Amino acid sequence: VQCGNNEVVESSGLDDERSADAIETLYKSVQYSVIVLFLAIACIGYIDAKYIRRNDFFKGVAIIVAMLQISDMLSDLFFAVEVMHAYQMTQADAEAETESESNPLLLQFLLIFVCSISSIVLTICLSLYQLHSASTKYWLSSNHTRQWLLSYGSLLYLASFGTGSAFTAIAVFSSGLFAKDVFDIG
C-alpha cells in the first residue's frame, strides 16, 4: 500500500491476523451457542419430564452427549478451516517472495488439511453405513421401530450426519425428550 511519502506498508500480515481472529471468534460463538442451546434443551426437558408430563423414560444424558459430539465435530471442522487459512497465508507469502523454491510448509499444510477433512468424511460415512446396516437388519423386526423409521428415518440420518455419530443420534432419538414420538425409537 502506498503512503503519502512513497513508503510501502505491508498490510497482508495484519489482514491475515484479522482473518485468523475472525475465524477464532466465529468458532467460539458457534461453540458457545451449541453449548447453551443443548444445556437449555436438557434443562427444559428435565423440568418437563420431572414436573410437567411425568416422563420416567427421559434420558438427559443423551442430550449432553449430543452436545459434546457436535462440539467435537465443530472443532474438527474449524481445525480444517484454520489449516486451510494457514495454507493460504503461506501460499501468499511464497508468491510474494521472488525465490523460485517451493515452500515445504505448503505441502505439509495441504496434507494436514486433506487428512483432517478425510477423517471427518470417513467417520460420517462409516457411521451412516453402520446406521443403515442396523436399521435394515435388526430394527425392521419390531413394528414400533419400523413405523418410527418410516416416519422419522430421514431425521435420524440427518442427525447422524450432523453429530458425526449414529450412536449419538440414536441416543437422542431414544431420549424420551418432551414425551414426543420423535424421541421414542422404541
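Guide: A helix is a DSSP run of H or I with at least four residues, and a strand is a run of E with at least two. In this predicted model, the chain comes to five helices and zero strands.

Visitor: In what order do the elements of the chain run from the N terminus on?

Guide: The order is α-α-α-α-α.

Visitor: What makes phenylalanine 178 partly exposed?

Guide: Phenylalanine 178 has a relative accessible area of 23%. Buried means under 20% and exposed over 50%, with partly exposed in between; the value of 23% lies between these limits, so phenylalanine 178 is called partly exposed. Its place is in the segment after helix H5 (166-173).

Visitor: Why is alanine 179 called partly exposed?

Guide: The relative accessible area of alanine 179 is 42%. That value also falls between 20% and 50%, and therefore alanine 179 is partly exposed. Alanine 179 likewise lies in the segment after H5.

Visitor: What is the phi of phenylalanine 178, and what is that of alanine 179?

Guide: Phenylalanine 178 has a phi near 55 degrees, a positive value in a residue other than glycine. For alanine 179, phi is near 55 degrees, again positive in a residue other than glycine.

Visitor: How many of the residues of the chain count as buried?

Guide: The chain has 186 residues, and 30% of them count as buried. Its accessible surface comes to about 12,100 Å², with 64% belonging to carbon and sulfur atoms.

Visitor: Which share of the contacts joins residues at least 24 apart?

Guide: Among contacts between residues at least 6 apart in sequence, the share is 66%.

Note on methods:
Residues are numbered from 1 along each chain as its sequence is written. This is a predicted model: local features need pLDDT of at least 70, side-chain atom pairs count only at pLDDT 80 or more; totals for chains, interfaces and linings use all residues. Side-chain values use heavy atoms; hydrogens and water are left out. Buried means under 20% relative accessible area, exposed over 50%, partly exposed in between (1.4 Å probe, protein chains only). Contact means heavy atoms within 4.5 Å. Accessible areas come from the Shrake-Rupley method with a 1.4 Å probe; for residues, only the protein chains shown count as cover.
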